[in-house]
Amino acid sequence: MVYETLFKKILFPSIEKLKGRNTLDYLEEYSVNELKSAEELQLIQLQKLKKILQHCQENVSYYQKQWKSIGFDWREVRSLADYSQLPVLTKTDIRDNYNELIAKNFKGKSFSKTTGGSTGQPLKFEFSNESNERRIAVMMRGYGWAGLTPGCKSLHLWGVEIGAVSKKRQFKMDLYHAFYGRKMLNSFNMTINNMVEYVDSINKYRPKIIVAYVAPLVMLAEFIQTNNLSVWVPESIITGSEGLLEFQRKKIEEAFGCKVFNTYGSREFMLIASECEQHKGLHINIDHLVVEICQDGIPCDTEEVGDVVISDLHNYAMPFIRYEIGDLASMSSKQVCQCGKHFPLLKNIEGRKLDVIRTPDGRTVPGIFFPHLMKDIPNIVRFQVVQEKLDKLIINYIVDNPINEEELLQIKGLVAERMGQDMDIEFRKVEDIPLTQTGKHRVTISKLSN
Ligand SMILES: [Zn+2]
């Protein structure tokens, strides 16, 4: 508690100032919005939207060309309905028009990031400094609804770096996380044989909040219940990275004795929506993003399931306008939330169910492991992992350019290491990977029955 206060009042503001960052100002701005009415929030969103559309029309050649050909002009946008006339932006569009999507006044001034593609399509993109700081601020606000305050003790059961990390780098990362009050546990290293050590770590660290990937946390919850272990009860648990099913929420809440706060985020945007203490859906950060649920690019009715389409209102370096992220979700028809916030609610996120892969030596590997791994090979357009039998794994992949053999070998080595000696692993270069009946791509498929 002492550290938390010190951190909030002195350490964090000092380091932000030292590094010339504005995260705290943005956090202040976003926190004020929690008190605003629905109409006020919609107005903020529309104003921000017009501003970035203007920027696109003036500085981003991809949109200049496209909008000219369809006769679109930002000055004619009066409502979200006008904006919804624009075509959606796909991952393929971004790959094929990478340089044209970078704003001319941000060339050489942006940072790049690669998504693992929880939808099976890895993607590289650019973002600006301001956008990054704002994303962190929005995340702090959303996590704050679950009780995660800056500097408080939080334990993260998360996918940490894959592959060997040098001791020096590990030490630096540990220091960095310790500064923020975070303890990191690598969910990718969790096996049936060492789960008890994970429980021990939680009991020793006594975190106020646990932040975790869904799949490994569910496994840990099962392990705790099956073995009747006692575990430290945090104030709350924040889950992310995959859709959270009701039975999973129940299992986690029973094992840990506290409430679960689900979040929806991605590497492209960081936090998109998150739950408040009412747990009646996920509040969408509409003062930072525009989120639509569409069928064939046209917004659908509330409660109807469709593709999630997002515009980032602050990434001026490479603006994503109506980006189809590859998830399925539905809007809630609930207009008011008892918590008093007027951010609209997302009902369900359905697009990210990743099957768990099991190994002959009794390990379970969360599906999210693979997107993390594959993001390091730039020429893989899409991939899918299929567990045919307990000891047979097939990794299908599509490439757009010849792939660096050395990189592929490295990835093969990392997969083999994770799966153990008895797993037969086959990498198959394929022309196509069929979609599911609902038109979605599944990253991992397990043909084993539970
Ligand atoms: Zn609420």
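## The sheet

Two strands count as paired if DSSP finds at least two bridges between them. Strands themselves are DSSP runs of E with at least two residues, while helices are runs of H or I with at least four residues, and both are numbered from the N terminus. With that in hand, welcome to a predicted model, in which local features need pLDDT of at least 70 and side-chain atom pairs count only at pLDDT 80 or more, whereas totals for chains, interfaces and linings use all residues. Residues are numbered from 1 along each chain as its sequence is written, and side-chain values use heavy atoms, leaving out hydrogens and water.

Here 12 strands make an open sheet with mixed pairing, in the order β4-β3-β5-β6-β7-β8-β9-β14-β13-β12-β10-β11. β4 (182–186) and β11 (298–299) sit at the edges with a single partner strand each, so one side of each has no neighbour in the sheet. Within this sheet, β5 (residues 209–213) pairs with β6 (residues 236–240) in the parallel sense over 5 bridges. In that pair, isoleucine 209 is placed opposite serine 236 of β6.

## Helices at work

Helix α10 (residues 214–226) lies across β3 (154–158), β5 and β6, and runs at about 115 degrees to β5. For such angles, axes are lines fitted to C-alpha atoms, for helices over the stretch in contact, and the angle runs from 0 to 180 degrees between N-to-C directions.

Elsewhere, the axes of α3 (residues 38–59) and α4 (residues 61–70) come within 6 Å and cross at roughly 95 degrees. That makes α3 roughly perpendicular to α4, a label for angles of 65 to 115 degrees, with under 35 being roughly parallel, over 145 roughly antiparallel and the rest oblique. Leu53, Cys56, Gln57, Glu58 and Asn59 of α3 make the contact with Ser61, Tyr63, Gln64 and Trp67 of α4, where contact means heavy atoms within 4.5 Å. These residues divide into 4 nonpolar, 4 polar and 1 charged; Ala, Val, Leu, Ile, Met, Phe, Trp, Tyr, Cys and Pro count as nonpolar, Asp, Glu, Lys and Arg as charged, and the others, Gly among them, as polar.

## Salt bridges

The whole structure holds 19 salt bridges, each a side-chain nitrogen of Lys or Arg within 4 Å of a carboxyl oxygen of Asp or Glu. One of them joins aspartate 312 to arginine 135, with the closest N and O atoms 2.9 Å apart. Aspartate 312 belongs to β12 (residues 306–312) and arginine 135 to α7 (residues 129–145), so the pair ties together parts 177 residues apart in sequence. Both residues are buried, meaning under 20% relative accessible area with a 1.4 Å probe and protein chains only, while exposed is over 50% and partly exposed lies in between.

Aspartate 287 and arginine 141 also meet in a salt bridge, at 2.7 Å from N to O. Aspartate 287 is in the loop between β9 (282–284) and β10 (289–295) and arginine 141 is in α7, so this pair ties together parts 146 residues apart in sequence. Aspartate 287 and arginine 141 are buried as well.

## A closer look at arginine 135

Arginine 135 has a relative accessible area of 2%. Beyond its neighbours within four places in sequence, arginine 135 is in contact with Phe125, Phe127, Arg267, Glu268, Phe269, Met270, His288, Asp312 and Asn315.
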